[in-house]
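Subject: Structure handover and notes

Dear colleague,

Here is the structure I said I would pass on. My notes on helices, loops and contacts follow below it.

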Amino acid sequence: MNGSPRLDPRLPAGPIDTAWQRCRENLPLISPSRKQRLRILVVGSGLAGASAAASLAEQGYRVQVVTYHDSPRRAHSVAAQGGINAARNYANDGDSVERLFRDTVKGGDFRAREAGCHRLAEISGAIIDQCVAQGVPFAREYGGTLANRSFGGALVSRTFYARGQTGQQLLYGAYQAMLRQVATGRVELLCRRDMLDLIVHDGVARGVVCRHQTTGALEVLSADAVLLATGGYSNVYYLSTNALKSNATAIWQAHRRGACFANPCFTQIHPTCIPSGDAHQSKLTLMSESLRNDGRIWLPLRPDDDRPAAAIPEAERDYFLERQYPTYGNLVPRDLASRRARELCLEGRGVGPGGRSVYLDLAEAFDRDGATAIEARYGNLLEMYERITGDNPRTTPMRIYPAPHYTMGGLWVDYHLMSSVPGLFVLGEANFSEHGANRLGASALMQGLADGYFIAPATVTAWLAGRPGEELPTDHPACREALAAVQGRITALGSSGGTQPVDLFHRRLGHLMIEACGISRRGDRLTEALTALEDLRQCFLSDVRVPEQGGVLDGELEKALRLEDFFGLADLMLRDALERQESCGAHFREEHQTAEGEALRDDDRFAHIAAWEHRAGQTPVRHTEPLVYERVRPTQRNYR
């Protein structure tokens, strides 16, 4: 890309209360007959991708959906447990669009756009209506009304849920809507494909290069617009709550082709995960944050207290979140809960093997509400915990510990969800979104569906309305160049002649990143990690072993390609964390904290979105988009 990217967020002028309505009503439209001749490529089949594909096909576009799964139903959205936020005030506890908007801005520690946060809160209610109409089996009260529960960072109950399977049920709703369009012939599903490059012609995104996992063949797919909905990048830490195959290749290759990457260091550590067992464990398991509604988090008051939990009397227990944050208690935002748990474990007060756990205790809830009610809320979560750990959480407190989970960073997008590469739209967790420096619990599903069902169908149409719609042949020079670049990467990895497996390097990368750029960061550790990262990357390139599989189900090659991209992203994360010399949300620089140990923002220097431009063979360039707050005055976050 020539010159500096133009980071125009295209925010609507005027009051934000009506900004989205005014924007939508003034967007150009396309006639139904012309839509039938336009092709849209959606990469990713999770909530954002499936809902966008279904909605755009419903309008009449020809849509291709690329997924590396054998079925779109296996997308990682299926793993989301706790719920989806919406400002409906069903609990009659004072909730409103305005309150959800303010909680989102504050929860992100004032590092997100006001207009985007308000739009998300506005759309939230319509998402629930859409999903109910699709048959999503949300929990209901005895009288038939939809039930709500609370999540971290809020003092109201606004989270709709389907036991501990909310993501699965929402994905099935979007999936069946997409399959309806498959049946009409407007959606073509392309399963078992890995996107490995973005095709850019005349500065505009026009397609992708994919590798067919079962044959090894490289394919060129062209379109009039490309939508990336490929999720987050927490697997850069190796151990995370993400699915094993979750990766950053699609967004990283788009970044290399000119799409700016925003706030890559904003990564979230989830406070309620099952602790890792050994060094060779492949992933971590999430225990829904919804358990913090009824579970009390505590540790023994005395360090190195190895008595069973039941043998420790109430007077010798430290309900540390309730003690430190009496207003929010166990429902403080994730960054605070994770940081406090880690601090106490490092002080020697943790429980379980290695002292790397805290208790999440449901005993009081069972006594108060009864086993039937608690099983109805969390039954499958309790079963999951028991199967994995062998402990019965109905009689013994759960042991939990923070783990990498969600990434607030992602490709930079404007208000229309378009990246700095025209024609490339980015949805869901793949973009940097409205979550700022810390996502509120139960807001990920809300954002993915808002992007897919309501925003992209309007803004993609507006983009296409001004385009000629000329087909890009697959033998075009831009396609051939991208194809050759992918083939070159595959050849280089396959001919390295190394001796070490891919997973060895991934584990080392994960350990380096979690220590230097995990729950807390410090300038000297980040600087040292940049050097260590480059050494590890060079070792990977020279000594990785990628056995020849003849192109058929070549899992080691897939992992090697993804890990190569994780190395590039890790470098950018460390640079971004080093440059942001403040603490905000989940980005906690130890040099910048209050006397009480809370995050200390620097609004004079860092009230902006950091967007990084890739420069091949050179140091990336950091650009900024200023954040202006007119509705919510930035203040020190206080959950006490």
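S433 counts as buried because its relative accessibility is 5%, where buried means under 20% relative accessible area, exposed over 50% and partly exposed in between, with a 1.4 Å probe and protein chains only. This residue is not a glycine, yet S433 has a positive phi of about 65°. S433 sits in the loop between strand 17 (424-426) and helix 12 (444-465). Helices (H or I, at least four residues) and strands (E, at least two) are DSSP runs, numbered from the N terminus.

Before the rest, the terms of reading. The model is predicted, so local features need pLDDT of at least 70 and side-chain atom pairs count only at pLDDT 80 or more, while totals for chains, interfaces and linings use all residues. Residues are numbered from 1 along each chain as its sequence is written, and side-chain values use heavy atoms, with hydrogens and water left out.

Loop residues with positive phi

Most residues other than glycine have a negative phi. D109 is another non-glycine residue with a positive phi, here about 55°. The loop that holds D109 runs between helix 4 (97-107) and helix 5 (114-133). With 2% relative accessibility, D109 counts as buried.

Helix 9 (residues 334-346) has 13 residues and spans 18 Å from its first C-alpha to its last, close to the 18 Å expected at 1.5 Å a residue; the expected span is 1.5 Å times one less than the number of residues. Helix 9 is mostly covered, with 10 of its 13 residues buried. Among them are R334, D335, R339 and R340, as well as L336 and L344. The cover over the buried residues of helix 9 includes strand 11 (267-273), strand 12 (296-300), helix 8 (320-324), strand 14 (358-361) and strand 15, counting as contact heavy atoms within 4.5 Å. After helix 9 comes G348, with a positive phi near 90°.

Helix 11 (residues 371-389) has 19 residues, but its end C-alpha atoms are only 21 Å apart, short of the 27 Å that a straight helix would reach at 1.5 Å a residue. Helix 11 bends by about 80° at Y378, the bend being the angle between axes fitted to the seven residues ending there and the seven starting there. The buried residues in helix 11 are I374, Y378, G379, N380, L381, L382 and Y385, and they pack against helix 10 (363-369) and strand 15 (398-407). G390 follows helix 11 and has a positive phi, near 85°.

Helix pairs

Two packed helices are described by the angle between their axes and the distance between the axes. Axes are lines fitted to C-alpha atoms, for helices over the stretch in contact, and angles run from 0 to 180 degrees between N-to-C directions. Angles under 35 degrees count as roughly parallel, over 145 as roughly antiparallel, 65 to 115 as roughly perpendicular and the rest as oblique.

The axes of helix 15 (residues 523-543) and helix 16 (residues 555-579) come within 9 Å and cross at roughly 160°, and the two helices are therefore roughly antiparallel to each other. Their crossing is left-handed, meaning that the near helix is turned anticlockwise from the far one by less than a right angle; clockwise would be right-handed. Residues of helix 15 in the contact include L526, L530, L533 and F540, and those of helix 16 include L563, F567, L574 and L578.

The axes of helix 7 (residues 249-256) and helix 16 also come within 9 Å, crossing at roughly 60°. That makes helix 7 oblique to helix 16. This crossing is left-handed. T249, W252, Q253 and H255 in helix 7 meet L561, R562, D565, G568, L569 and L572 in helix 16.

Helix 5 and helix 12 pack at about 80° with their axes 9 Å apart. That makes helix 5 roughly perpendicular to helix 12. The residues in contact include L120, I123 and I127 of helix 5 and M446, Y453 and F454 of helix 12.

Two partly exposed residues

E556 is in helix 16 and is partly exposed, with a relative accessible area of 24%. The C-alpha atoms of E556 and P501 are separated by 8.1 Å, and the two are 55 residues apart along the chain. Leaving aside neighbours within four places in sequence, E556 is in contact with V502, V546 and P547.

K283 lies in the loop between strand 11 and strand 12 and is partly exposed at 26% relative accessible area. With neighbours within four places in sequence left aside, K283 is in contact with L239, S240, T241, N242, A243 and L244.

Regards
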